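Please keep the sequence and the coordinates at hand while reading.

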Amino acid sequence: MPLAQYTDPSVSKTKFDREVAEYHALAPQYRKRGWLLLEAAFPRVIVAFAAPLLKPIALVLAVEFDYTNYDAAPPSVRLVHPLTGEPYTFAELPTPLMRA
């Protein structure tokens with residue numbers, strides 16, 4: 001469900017574009033760590049995380065960042081399926097995400 005935009009969208013998009021450009025500038029380092037940028041279309045970014053030390057390498061999960069209202073508010077973050085981009089339901093989560 002998209003967030004309501006209350007920050008000037010042109011401001012949020014300008015800052016979003018800057019963040020994506022900074023990611024691309026460091027893309028080789030991120031890729032070595034197993035961070036794979038799958039999608040970057042304002043206001044949404046999806047990054048998949050692989051386990052580079054496993055053989056064969058495993059695609060572990062993906063995270064969706066929503067930059068609506070950035071930077072008046074931080075990006076929202078949620079776990080999504082790395083191949084479909086669909087949010088996980090609690091029952092589908094690949095890890096139990098222990099809560100304190």
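The points below are grouped by topic.

The model is predicted. Strand 2 pairs in the antiparallel sense with strand 1 and also with strand 3. The largest nonpolar core has 6 residues, and helix 1 and strand 2 each supply at least two residues of this core. A search of the whole structure finds 6 salt bridges.

**Strand pairing**

- Strand 1 covers residues 35-41, and its antiparallel pairing with strand 2 runs over 6 bridges.
- Within this pairing, A40 stands opposite V45 of strand 2.
- Strand 3 covers residues 58-66 and pairs with strand 2 in the antiparallel sense over 8 bridges.
- Here A51 is the residue opposite A58 of strand 3.
- A hairpin of 6 residues leads from strand 2 to strand 3.

**Helix 1**

- Helix 1 comprises residues 9-25, 17 residues in total.
- From the first C-alpha to the last, helix 1 reaches 24 Å, close to the 24 Å expected at 1.5 Å a residue.
- The buried residues of helix 1 are S12, F16, V20 and Y23.
- Viewed down the axis of helix 1, these buried residues fall within an arc of 65°, so they line one face of the helix.
- On the face of helix 1 turned away from its buried side are the exposed residues T14 and A25.
- The packing partners of the buried residues of helix 1 are helix 2 (27-33), strand 1 and strand 2.

**Nonpolar core**

- The largest nonpolar core is made up of F16, V20, V45, V47, Y67 and Y70.
- Helix 1 and strand 2 each contribute at least two residues to this core.
- When residues up to four places away in sequence are not counted, V47 touches W35, L36, L37, L61, A62, V63 and F65.
- In soluble globular proteins, nonpolar side chains generally tend to be buried together.

**Salt bridges**

- R44 and E64 form a salt bridge in which the closest N and O atoms are 2.6 Å apart.
- This pair links distant parts of the chain, with R44 in strand 2 and E64 in strand 3, 20 residues apart.
- R44 is partly exposed at 26% relative accessibility, whereas E64 is buried at 7%.
- The side chain of E64 also meets that of R78 in a salt bridge, at 2.7 Å from N to O.
- This second pair again links distant parts of the chain: R78 lies in strand 4 (residues 76-80) and E64 in strand 3, 14 residues apart.
- R78 has a relative accessibility of 35% and counts as partly exposed.
- A network of salt bridges links E39, R44, E64 and R78.
- Another salt bridge joins the side chains of R18 and E19, at 3.5 Å from N to O.
- Both members of that pair are partly exposed: R18 has a relative accessible area of 41%, and E19 has a relative accessibility of 24%.

- F42 and P43 are joined by a cis peptide bond with omega of about 5°.
- P43 is located in the loop between strand 1 and strand 2.
- The peptide bond from Y70 to D71 is also cis, and its omega is near 5°.
- D71 is part of the loop between strand 3 and strand 4.
- N69 has a positive phi of about 70° although this residue is not a glycine.
- The position of N69 is in the loop between strand 3 and strand 4.
- With a relative accessible area of 3%, N69 is buried.

Key
Residues numbered from 1 in each chain as written. Predicted model: local features only at pLDDT ≥ 70, side-chain atom pairs only at ≥ 80, totals over all residues. Heavy atoms only, no water. Pairing = 2+ DSSP bridges. Helix = DSSP H or I, 4+ residues; strand = E, 2+ residues; numbered from the N terminus. Salt bridge = Lys/Arg side-chain N within 4 Å of Asp/Glu carboxyl O. Buried < 20%, exposed > 50% of the residue type's maximum accessible area, 1.4 Å probe, protein only. Expected span 1.5 Å × (residues − 1). Arc of directions from axis to C-beta. Contact = heavy atoms within 4.5 Å. Core = buried A, V, L, I, M, F, W, Y, C linked by side-chain atoms within 4.5 Å.
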